[in-house]
Amino acid sequence: MSKFRGFFLGVIGIAVCIGVAGVVSADESTMTRGAELLQPFKKNLKQALLKGLEDGPEQAIDVCKDKAPKIAKELSVDGVLMGRSSHRLRNPSNEGPDWVTPVLKDYVAEQSNLTPVTVQLPGERIGYVEPIKLQPVCLVCHGSAVPPSVQATLEQQYPSDQATGFEVDELRGVFWAEFPAPKSGSPK
């Protein structure tokens, strides 16, 4: 159990991302706002995954499939949207908004230089992205040697799974948030 706990703590923790073309030079308060908005999502997801892992990795797969989207939806209020995505999706419904795609492509191209980024969006909105790096315990569901029982569950639930074959510290995906830009003269 401790290896699974350590993995998911690492996966859900804040990782670092790269700067990309089209990304705004955000002030610290905008970056902080994006990170703060994602914190409850990451915390609630981590708790759900740890609870699922108590019954084995197959249960954690169910958490990612069923509970993670519900958590993101519950926290997407007051003009805020959030989720997670990847360049190699397991669940097609985790495809991010169009603006996340170029950020993911740049992260994949330059994984040695990962830092959180913000993106100026139409309609006075800001996008914020931070990566998820693969931790050792992630190998159980996302590595090259997935145990047979886990592989059977993945094949049943995700016949088009692209999310295996990762290595430790490789970019697994991203957390993203979209929110209204602060109004001029208002607190950020």
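Strand β2 holds S85. In this predicted model, S85 counts as buried, at 8% relative accessibility. Its side chain has two polar partners in the backbone. A polar atom of that side chain lies 3.0 Å from the backbone oxygen of N94, and a polar atom of the S85 side chain lies 3.1 Å from the backbone nitrogen of G96. Beyond residues up to four places away in sequence, S85 touches N94, E95, G96, L104, G173, V174 and W176.

**Overall fold**

The protein has six helices and five strands, and their order along the sequence is α-β-α-α-β-α-β-β-α-α-β. Of its 188 residues, 45% count as buried. The accessible surface comes to about 9,500 Å², and carbon and sulfur atoms account for 51% of that area. Among contacts between residues at least 6 apart in sequence, 77% join residues at least 24 apart.

**Aromatic pairs**

How many aromatic pairs does a search of the whole structure find? The search finds two. The ring planes of F41 and F175 stand at 90 degrees with the centres 5.7 Å apart, so this pair is edge-to-face. Because F41 lies in helix α2 (residues 28–53) and F175 in strand β5 (residues 171–180), the pair ties together parts that are 134 residues apart in sequence. F41 is buried, with a relative accessible area of 1%, and F175 is buried at 1% relative accessibility.

W99 and W176 form an aromatic pair that is also edge-to-face, with 6.2 Å from centre to centre and 90 degrees between the planes. W99 is in the loop between β2 (81–85) and α4 (100–109), while W176 is in strand β5; the pair thus links distant parts of the chain, 77 residues apart. Both W99 and W176 are buried. W176 is also one of the residues touched by S85.

F166 is placed in the loop between α6 and β5 and is buried, with a relative accessible area of 1%. The charged end of R88 sits over the F166 ring, 3.8 Å from the ring centre. F166 and L139 are 27 residues apart in sequence, yet their C-alpha atoms are 7.2 Å apart in space. With neighbours within four places in sequence left aside, F166 is in contact with H87, R88, L134, L139, H142, G143, S144, L171 and R172.

H142 belongs to helix α5. H142 is buried, with a relative accessible area of 13%. Which backbone atom does the side chain of H142 reach? The side chain of H142 reaches the backbone oxygen of A163, at 2.7 Å. Leaving aside neighbours within four places in sequence, H142 is in contact with R90, L134, A163, T164, G165, F166 and R172.

| Pair | Kind | Distance |
|---|---|---|
| S85 and N94 | side chain to backbone oxygen | 3.0 Å |
| S85 and G96 | side chain to backbone nitrogen | 3.1 Å |
| H142 and A163 | side chain to backbone oxygen | 2.7 Å |
| R88 and F166 | charged end to ring centre | 3.8 Å |
| F41 and F175 | ring centre to ring centre | 5.7 Å |
| W99 and W176 | ring centre to ring centre | 6.2 Å |

**Helix α6**

Helix α6 (residues 148–157) has V150, T153, L154 and Q157 as buried residues. Viewed down the axis of α6, these buried residues fall within an arc of 100 degrees, so they line one face of the helix. An α-helix has 3.6 residues a turn, so residues three or four places apart point the same way. The cover over the buried residues of α6 includes α3 (57–75) and α5 (139–142). On the face of α6 turned away from the buried side are the exposed residues P148, E155 and Q156.

**Positive phi**

Most residues other than glycine have a negative phi. E124 has a positive value, near 55 degrees. E124 lies in the loop between β3 (117–121) and β4 (125–133) and counts as exposed, at 51% relative accessibility. D169 also has a positive phi, near 70 degrees. D169 is partly exposed, with a relative accessible area of 48%.

Terms used: Residues numbered from 1 in each chain as written. Predicted model: local features only at pLDDT ≥ 70, side-chain atom pairs only at ≥ 80, totals over all residues. Heavy atoms only, no water. Helix = DSSP H or I, 4+ residues; strand = E, 2+ residues; numbered from the N terminus. Buried < 20%, exposed > 50% of the residue type's maximum accessible area, 1.4 Å probe, protein only. Contact = heavy atoms within 4.5 Å. Areas by Shrake-Rupley, 256 points an atom, 1.4 Å probe, with all protein chains shown as cover. Phe/Tyr/Trp six-rings, centres within 6.5 Å; stacked < 30°, edge-to-face > 60°. Lys NZ or Arg CZ within 6 Å of the ring centre and 35° of its normal. Polar contact = N/O pair within 3.5 Å; in protein donor to acceptor, adjacent residues only side chain to side chain. Arc of directions from axis to C-beta.
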